[in-house]
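Trainee: Could we go through this model together, one question at a time? I would like to see how each answer is reached.

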Amino acid sequence: MNQAREPVRFLVFSASLRAGSLNSRLAQLAAAEIAANGGDVDLAAMGDFDAPSYDADVQEVDGFPAAAEELRDRVMGSDAFVIASPEYNFSMPGSLKNSIDWVSRFSPQPFNERHGLLMSASPSMAGGNRGLWALRIPLEHLGARVYPDMFSLAQAHRALGKDGQLVDARLGDRFEQTIIAFMDLVEASKHYPCVKTKWVEYLGEHPDPAIDRVE
Ligand SMILES: Cc1cc2nc3c(=O)[nH]c(=O)nc-3n(C[C@H](O)[C@H](O)[C@H](O)COP(=O)(O)O)c2cc1C
């Protein structure tokens, strides 16, 4: 489906460093889906962002590594980001956390107020979803607006066909719908800021100007 959109640019990358990565294949599929639905895509590789272990002494003496500057530039050059991350021991790969730690030291802080969509692929039945809950924590702490829905591909070694598409058509629809809904939100946030002034009432709360929130 291709719909007319205002310009929106998405940084898409897999957090896996290995050549045959399932998450890189999922990231490529996400990039293609975004492009097919009218978005601009910056498809990156984790190798571009992989930095030496964070060390405040190194930062003070040598400054930031080029890989951290690269991730900062690519995040700030986009309206939103999509990360396809492997699950390592129920969490995110150390290399991804390390890159986030480096980037968090820049001012202004690049993730602040940027929308993010998280996805994962794993040969397991859980699809790496537990790792994404861990990944949400530093990103949300840094002010990223992490999309509530996440896409985790279970048994990814079978779920991804040789043609790079999802074998199961219904799962393919779900994947597309998740991406389109995320794109709609990013587009609205960037181009229709009037929604930010709308009062939002949360269930269970009585309307009260003192506690009403805007988003
Ligand atoms: C150090 C390490 C820890 C892993 N821990 C998990 C895990 O907790 N859950 C899981 O589903 N898979 C786990 N795996 C398997 C990965 O999901 C699998 O290797 C996957 O293919 C990695 O993603 P990639 O193909 O994008 O590189 C682990 C793999 C490694 C190397």
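Mentor: Let's start with arginine 25, which sits in helix 1 (residues 22–36); helices are DSSP runs of H or I with at least four residues, strands are runs of E with at least two, and both are numbered from the N terminus. This is a predicted model, where local features need pLDDT of at least 70, side-chain atom pairs count only at pLDDT 80 or more, and totals for chains, interfaces and linings use all residues. Residues are numbered from 1 along each chain as its sequence is written, and side-chain values use heavy atoms, with hydrogens and water left out.

Trainee: Is arginine 25 buried, partly exposed or exposed?

Mentor: Buried means under 20% relative accessible area, exposed means over 50%, and partly exposed is in between (1.4 Å probe, protein chains only). Arginine 25 has a relative accessible area of 30%, so its class is partly exposed.

Trainee: Which residues does arginine 25 contact, leaving aside neighbours within four places in sequence?

Mentor: Contact means heavy atoms within 4.5 Å. The C-alpha atom of arginine 25 is 9.0 Å from that of glutamine 165, 140 residues apart along the chain. With those neighbours left aside, the contacts of arginine 25 are Leu160 and Gly161.

Trainee: Where around the axis of helix 3 do its buried residues lie?

Mentor: In helix 3 (residues 66–76), the buried residues are Ala67, Ala68, Leu71, Arg74 and Val75. They cover an arc of only 130° around the axis (taken from the directions from the helix axis to the C-beta atoms), so they lie on the same side of helix 3.

Trainee: Which elements are included in what covers those buried residues of helix 3?

Mentor: For context, the protein chain has seven helices and eight strands, and buried residues make up 45% of its 215 residues. The cover over the buried residues of helix 3 includes strand 1 (9–14), strand 2 (40–45) and helix 4 (94–103).
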